[in-house]
Amino acid sequence: MIHLRPPLLPKGITQTPSVLVQGELPYHIAVVMDGNGRWAKKRHLPRVAGHKRGVDALKQTVQACLDIGVKVLSVFAFSSENWNRPQEEVSGLMDLLGLALTHEVPKLQKQGVQLHFPGDRAKLSLRVANGLAAAERETADNTRLVLNVCFNYGGRWDICQATRLIYEKGLPLTENTLSAHLSLAHVSDPDLLIRTGGEMRISNFLLWQMAYSEFYFSDVLWPDFDSHELAVAISAYQMRERRFGRTSDQLHIRKHNHQES
Ligand code: FPP
């Protein structure tokens, strides 16, 4: 096992991934957890069984983020378009959310995880919507990791609801006001987007917020994703040069000047 370089080791790390991880950690990782259906199909199981295993993979990823020191994890659990899936699968996902609220929130509370459920609650049952609000309230003071479970979420929906709010408040529409009214306004934009399951698209996830995210696509099906795969993704991220519109030379000069001062 190769350990993280000392300057990167946040206090309290209990475990390190089993691949080389050096350089800067992504502060915010977003994940499109794709491949649950195919994982289940390969095993002649109903699709919901794949989603169930997907919850286990999510639990492992949360623990790995805590261990590594990633501060924000945003996952796409149910998209605005997922209502078009077979009724059985939609209700299976709703049930899984209900179960997760009952069984996982107390554990996440102990782990120091602050929960948010960005998305449109209008179409959710009152019981589920109240459960989401209660989980957000109960975990609001936790600071180790912010976990955004995007549920009935769509990037286009988010931009529209933010624009509507700005209009209702009579505010000017600017990049700053829009960012401040999006449902992930409580966190910085994702540094790294991971999509599992071999597809290479963002499927209406964090459209506005991913303007400068690094994309990492993995063929691994989400239920098979684990702390090792996360470390591989982070290592790939660390090989990237994030230029934010600048040239490579400008970045090197800035880095040099920063080191000098
Ligand atoms: C995409 O895989 C995955 C989803 C639509 C749901 C993701 C949900 C979870 C991982 C469970 C977490 C949920 C809660 C409620 C916390 P897919 O079904 O499109 O897979 P496929 O591309 O192989 O068919």
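Colleague: How is the model numbered, and what limits apply to its features?

Modeller: Residues are numbered from 1 along each chain as its sequence is written. Because the model is predicted, local features need pLDDT of at least 70 and side-chain atom pairs count only at pLDDT 80 or more, while totals for chains, interfaces and linings use all residues.

Colleague: What is the mean pLDDT of the protein?

Modeller: The mean is 90, and 87% of the residues reach 70 or more; pLDDT is the predictor's confidence in each residue, from 0 to 100. Over residues 1–14 the value is below 50. Where pLDDT is low, the predicted coordinates should not be read in detail.

Colleague: Why are H3 and H4 called roughly parallel?

Modeller: Helix H3 (residues 87–111) and helix H4 (residues 126–138) pack at about 15 degrees, their axes 11 Å apart. Angles under 35 degrees count as roughly parallel, and H3 and H4 are therefore roughly parallel to each other.

Colleague: What is the handedness of the crossing of H3 and H4?

Modeller: This crossing is left-handed, a term used if the near helix is turned anticlockwise from the far one by less than a right angle. Among the residues making the contact are Met94 and Leu97 of H3 and Val128 and Ala135 of H4; residues are in contact if their C-beta atoms, placed from the backbone, lie within 7 Å.

Colleague: What makes H2 roughly parallel to H3?

Modeller: H2 and H3 pack at an angle of about 25 degrees, with axes 10 Å apart, and that makes H2 roughly parallel to H3. The crossing of H2 and H3 is right-handed. Their contact includes Arg47 and Val55 of H2 together with Glu89 and Leu96 of H3.

Colleague: Which residues come nearest to the ligand?

Modeller: Gly37, Arg38, Gly54, Ala77 and Leu97 come nearest, of the 19 residues around the ligand. Helix H1 (36–42), helix H2 (47–68) and H3 each supply at least two residues of this shell.

How values were computed
Two residues are in contact if their C-beta atoms, placed from the backbone, lie within 7 Å. Axes are lines fitted to C-alpha atoms, for helices over the stretch in contact, and angles run from 0 to 180 degrees between N-to-C directions. Helices (H or I, at least four residues) and strands (E, at least two) are DSSP runs, numbered from the N terminus. Angles under 35 degrees count as roughly parallel, over 145 as roughly antiparallel, 65 to 115 as roughly perpendicular and the rest as oblique. A residue is near a molecule or strand if its C-beta atom, placed from the backbone, lies within 6 Å of it.
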